[in-house]
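I opened this notebook to keep track of what I looked up in the model, entry by entry. The sequence and the structure come first, and my notes follow.

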Amino acid sequence: MTNHWRDIRHADLILINGANPAEAHPVGFRWFMRAKLDRGAKMIHADPRFTRTSAVADTHLRIRTGTDAAYFGGLINYVLRNQLYHDEYVRGYTNAAFVVKKDYEFKDGLFNGFDPKERKYDPKKWTYETTDGGFARLDIDHPRSVLNLMRKHYSRYTPEMVSRITGIPPDQFLEIAKLVGEMGRPDKVMTIVYAVGLTHHTTGSQMIRSGAVLQLLLGNIGRPGGGMNAERGHANIQGNTDNAISWEILPGYLKVPAPGQRDLSDYVEESASKKAHPNALNFFGENYRKFMVSLLKTWYGKRAGKGNEFAFDYLPKPAGDSSWMSIFDQALKGEMEGVILSGMTAASIGPDANQVATALGNLKWLCVMDAFPTTSSEFWQAPGVDPSKVKTEVFALPATHWIEKDGSFVNSGRWMQWKDQVIPPEGDARHDHWVLADLFLRVRELYRREDGKFPAPVMELTFPYRDPAKPELDEIAREVNGRNLKSGKRLETFADLADDGSTTAGNWLYTGSYPESGNLAKRRKGVQDPKRNDPTGMGFYPEWAWSWPLNRRVLYNRASADLDGRPWDPRRAGIRWDRAKRLWVGDVPDYPPDADPRDPKAPLPFIMTGEGTGRLFSSGLVDGPFPEHYEPIESPIENPLHPQVSASPMAFLYDSAAGRPNRFGKVDEFPYVATSYRLTEHEHYITQHVERLVKLQPEAFVEVPDELAREKGISTGDWVRVRSKRGKIEVRALVTKRLGALKCDGRKVFHIGIPIHWGYVGIKTSEHWLANALTPFVGDATTRTPEFKAFLVNMEKM
Amino acid sequence: MATKITPGEAYGFFTDTSVCIGCKACEVACKEWNQLPEEEDELDFLGQSLDNTGELNGSTWRHVQFIDNVPDETMSEGNGRAFLLMSDVCKHCKHASCMDVCPTGAIIRTEFDTVFIQEDVCNGCRDCIAACPYDVIDVNEERNVAQKCTLCYDRLQGGMEPACAKACPTDSIQFGPLDDLRDRAKKREATLHAQGLKEANLYGHDDKVYGGLNAFFLLMDKPEAYKLPNAANAVLPQRNNLGGYLGIFGTAVLGLFSAVIARRQRNMGGGEDPAGTSEGERT
């Protein structure tokens, strides 16, 4: 989240897309309700299903799954056409005035720089025209200014076009557009909240970006009650991402080194953003090297020095990626020997579960660390599988549950909150990180005894824990914070990190979380005493836990005030320039704390970017500088905008890339759109072991639209078979009017709803089918996230 | 917000269905706190919309109802009125028929003005089950006594709000002193009416329903939509049958007369009339 949970109460309008917070985040949802109850905020829920969120929203808008970029595109067009954007903000806080290079083009569904053979763009082709100083040329009235290119790009997203794509009738779309358009006023603010309903698409990154672009136009980024807010899944998924669970990043969103980078300078040159404006601070780009060197010093200690480029050579420079699907793709190809699973069950969570089962069976060994048996630890004896035919050796290591260990959870709002161990581990259960530490020590011992290829990265890794086989999470938290190697003291801010090897930081974003004064994630000054603990009254509670970066509660908060430093809306101030004190006050400023905004050399408001502004136009994603609507890989219609390039030209098609046939269904054989999702009663697959929750939702089912059920003679409780090109499930039907028909490009479209929680492990799950048997093995161009939320199926009564 | 809980004051629940999100946290919190058993054969798919609990009974004291009235339109209103979600519970009636019929005196009104079944006094006769107009009570098979929501009597004695209210993330279930709750409820109803949600109506906040309910509701449809008796029907027999009372009274008076006459007749040496005598004595 750019903002945080509690902050949602400050919004005037809440757009919810690709999310179902009342069910997936019921506790955080209280702040949506407070906005509604205390300030009369309006809540608009655009979703294919009428869910428990829609139940209390003001308006539910039925939208075809996978078309949110068209919905946001339509809103962008409405705001631009009717001059409803926040003019001062757009001019001063976005790159609207930047002039784009001549070769920019968008034609027949493709941007410039596309290589059809490789199915790849060259994002370096999406850049600004420069002046003599090497900075971007600025002229908002230029025909190729970002603003004018946007006007042209989005002019195609008329209410009629939006309707053809999304299924929302034009008059209803305009009703919403009118509400949204009002949010460009400085005294109004809107938040957009999304979750995996936007990410689980081949166009997921661009859908999210389209929401962010709309928010920039309306001047809502950086403001309390505004922002672009991702509701993260599990309790610590934000912490996972920050600490490099994703394949393309190192801790703190530093890029994974790429082939051809010979030294740190190459790496920084290719990874860090460059100053495109003289007043841009470009903080991330300018300090990239310091962050990377401090990370390398953390990992390789004394072995990392100026003489060896701080051990940059020790890091892999992978040509391929190791995204989730790529791992199992390699297993399918027989290129993967073994897999260790921790905190997830591959057999259930991945797309095309039958293919994943084949991949698991292709391994020599599989090690599952979990507190409970999972579909992965038991895949060899799943219904229909002959255990004698499975060659994979499976190890199940009992791991502790989070309730059996201390450590931190980082929530969606970036708050790092420390927790204590509640109960001691049961039986032989061990912490996952102890298993990994033990494994590392044994591998290192093997290298010591038997040598091996390139031993240095293993032999020289620092492992500075009291008991190296049992690192304490507190020790790791201190290591992540980093310290000054000369004084030996832990650092208070990443501004003190250096590139000369004198500092460490396991993750620069977390520097300051554990200074000499102690672990700030343990702080609990909250609602017991709001007057003292929330001095601004804005709900920042600065001494409740710790929020990255630097305990800042709202990212980009310089943009919450006008050019002179006065809050756009004094009743909902983020920060403001105190002329007497000559300081920014309020939240922890996302800006130099003493930079006078009236100084002509004052840094531009978005200090992290090379432009110094928010990016309406960006080369940060690999599939286009402006968000564009593409159809899901399996879709009931051709893209009305450009039928010749209907789906994303860069969606990653694993099967064909590996020489396997693509198994995608066509609408004549699979006439219904399916979308998969979670229910409030369960957490992923783990709660199949919790009796109370199994009772609440005991059995797999699919939700079937009432009208379609009548056509097919299906009643609630009937068994139905749902098939895709890849697999089938046989489950009960729940007939409901909460799913209805849509008319898209002249075609009647029905959605089938597929909750995911069941498998063949748990209290009452012995014969359940995996929902992901149906989903396609295909990923988003930038992130490789699978398309769980939009695919085609057929359905029959059994 | 911590409510100060003082014995001698009346407490209850205000359940505002317009903000219920059907998360069932109340159901689970109730079962966990009260250690209610889960029976193996209950793990069934009921298909009552998203509800698989089915009903209030001896081991389910909070139950979220799901009533699916979502219209066909592409754009529709939520605001709690299209997909009716309601966390149901014992109403802790002023005129509590369960208490009236209990032969052992197991059902009492507590110092918090709530209706409570004393486990160790209940003999499992089931009279209260038949008497409850809301089908709230049932015999808990494990303990073999009649059970229902206690309004967390044990928590109230310890100064804590009931588990369901504590767990409710949207404050759909609010606990507090009854007068406070009634004020809050009226304000909430007025707000919804001002927003054009005319169907919002309070149920059980005044004495029209069984003399008043300590656990009352803000509903987003007619009470019948939630299977609740409306005000016209929600009265105990004694209030419906004033005529009947008069009849009984008349009979009694006649009986008394006949007894007097019989006695006089007996005194005069006439035959016995035991029936008449007994009628007279009972009066």
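Predicted model: local features only at pLDDT ≥ 70, side-chain atom pairs only at ≥ 80, totals over all residues.

**Entry 1: cores**

With that term in hand, I looked up the largest nonpolar core, which has 244 residues, and found that those with the most contacts inside it are I14(A), I76(A), V79(A), I752(A) and V793(A). Helix α4 of chain A, residues 68-81, gives the most to this core, with nine residues. I then listed a second, separate core of 39 residues, which includes V410(A), A505(A), L509(A) and L520(A). Going back to I752(A), I set aside its neighbours within four places in sequence and found it in contact with Y672(A), A674(A), V702(A), V704(A), V722(A), V793(A) and M795(A).

**Entry 2: strand β22 of chain A**

For its pairing I found five bridges in the parallel sense to strand β24 of chain A, residues 728-736, with E703(A) standing opposite L734(A).

**Entry 3: strand β1 of chain A**

I14(A), listed with the most contacts inside the largest core, sent me to strand β1, residues 13-17 of chain A, where five of the five residues are buried. On one side of β1(A) the buried residues are L13(A), L15(A) and N17(A), and on the other they are I14(A) and I16(A). Which strands pair with β1(A)? Five bridges join β1(A) to β8 of chain A, residues 190-194, in parallel, and five bridges join β1(A) to β2 of chain A, residues 42-47, also in parallel. I noted one partner from each: T191(A) in β8(A) for I14(A), and I44(A) in β2(A) for L15(A).

I next looked at an open antiparallel sheet of three strands in chain A, in the order β15-β16-β17. Its edge strands are β15 (407-410) and β17 (546-547), each of which pairs on one side only. Two bridges join β16, residues 415-419, to β17(A), and W415(A) has S547(A) as its bridge partner there. In the loop between β17 and β18 (575-578) of chain A I found P549(A), and the peptide bond from W548(A) to P549(A) is cis, with omega near -10°. I kept in mind that most residues other than glycine have a negative phi, and most peptide bonds are trans.

**Entry 4: helix α17 and two positive phi values**

I compared the length of helix α17, residues 432-450 of chain A, with expectation: at 1.5 Å a residue its 19 residues should span 27 Å, and its end C-alpha atoms are 27 Å apart, which agrees. Just after α17(A) comes D451(A), with a positive phi of about 60°, in the loop between α17 and α18 (456-459) of chain A. Is D451(A) buried or exposed? It counts as exposed, because it has 9 C-beta neighbours inside 10 Å. In chain B, D113(B) also has a positive phi, of about 65°, although it is not a glycine; D113(B) lies in the loop between β5 (107-109) and β6 (115-117) and is partly exposed, with 18 other C-beta atoms within 10 Å.

**Entry 5: chain B and its contact with chain A**

For chain B I recorded nine helices and eleven strands, and 42% of its 283 residues count as buried. Turning to the interface, I found 32 residues of chain B in contact with 42 residues of chain A. On the side of chain B that touches chain A, α1 (25-34), β3 (75-77) and β4 (83-89) each supply at least two residues, and by class that side has 13 nonpolar, eleven polar and eight charged residues. Strand pairing also crosses between the chains: three bridges join β3 of chain A, residues 59-62, to β3(B) in the antiparallel sense, where H60(A) has S76(B) as its bridge partner.

Technical notes: Residues numbered from 1 in each chain as written. Chains lettered and ligands numbered in written order. Pairing = 2+ DSSP bridges. Helix = DSSP H or I, 4+ residues; strand = E, 2+ residues; numbered from the N terminus. Contact = placed C-beta atoms within 7 Å. Nonpolar A, V, L, I, M, F, W, Y, C, P; charged D, E, K, R; others polar. Buried ≥ 20, exposed ≤ 12 C-beta atoms within 10 Å, placed from the backbone. Expected span 1.5 Å × (residues − 1). Core = buried A, V, L, I, M, F, W, Y, C linked by C-beta atoms within 7 Å.
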